[in-house]
Amino acid sequence: MAEFTAPPDPATVRCPTCRAEQEWADTCRRCKCDLREAAASYLQSRRACLLHLHADRPRAARLAARRCRDLAASAESHRLLAVAALRCRDWAAATVLALGPTVEE
Ligand SMILES: [Zn+2]
């Protein structure tokens, strides 16, 4: 059964490269990943996902949603993945994803 976790703290960020959780900064304290670039990539992928969903391209939307989830495994990115899975008619994955952000697709 899926476990529910609290939404991520908006004052902190998890590095998409090394997964270190920290307060917002331009670069990761551990691996020096450019966190601003990662955040920009997340927003770009999120926008692409929504555009693909709107244009009835569910597979492309799912790829973009996976990119979002890889960059930031948040409740929002899991919802995007759930919607994309639903549009791909992958009912099982959509159901599991809708249950909570800790469950893999
Ligand atoms: Zn890092």
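At roughly what angle do the axes of helix H3 and helix H4 cross? This is a predicted model, in which local features need pLDDT of at least 70 and side-chain atom pairs count only at pLDDT 80 or more, while totals for chains, interfaces and linings use all residues. Residues are numbered from 1 along each chain as its sequence is written.

**View 1. Crossing of helices H3 and H4.** The axes of H3 (residues 75–87) and H4 (residues 91–99) cross at roughly 160° and come within 8 Å of each other; axes are lines fitted to C-alpha atoms over the stretch in contact, with angles running from 0 to 180 degrees between N-to-C directions, and helices are DSSP runs (H or I, at least four residues) numbered from the N terminus. The two helices are therefore roughly antiparallel (an angle over 145 degrees).

**View 2. Residues between H3 and H4.** His 78, Leu 81, Ala 82, Ala 85 and Leu 86 of H3 make the contact with Ala 93, Ala 94, Leu 97 and Ala 98 of H4, where contact requires C-beta atoms, placed from the backbone, to lie within 7 Å.

**View 3. Crossing of helices H1 and H2.** The axes of H1 (residues 35–54) and H2 (residues 58–71) come within 8 Å and cross at roughly 155°, which makes H1 roughly antiparallel to H2.

**View 4. Residues between H1 and H2.** From H1, the contributors to the contact include Tyr 42, Arg 46, Cys 49 and Leu 53, and from H2 they include Ala 61, Arg 67, Cys 68 and Leu 71.

Conventions. Parallel < 35°, antiparallel > 145°, perpendicular 65-115°, else oblique. Contact = placed C-beta atoms within 7 Å.
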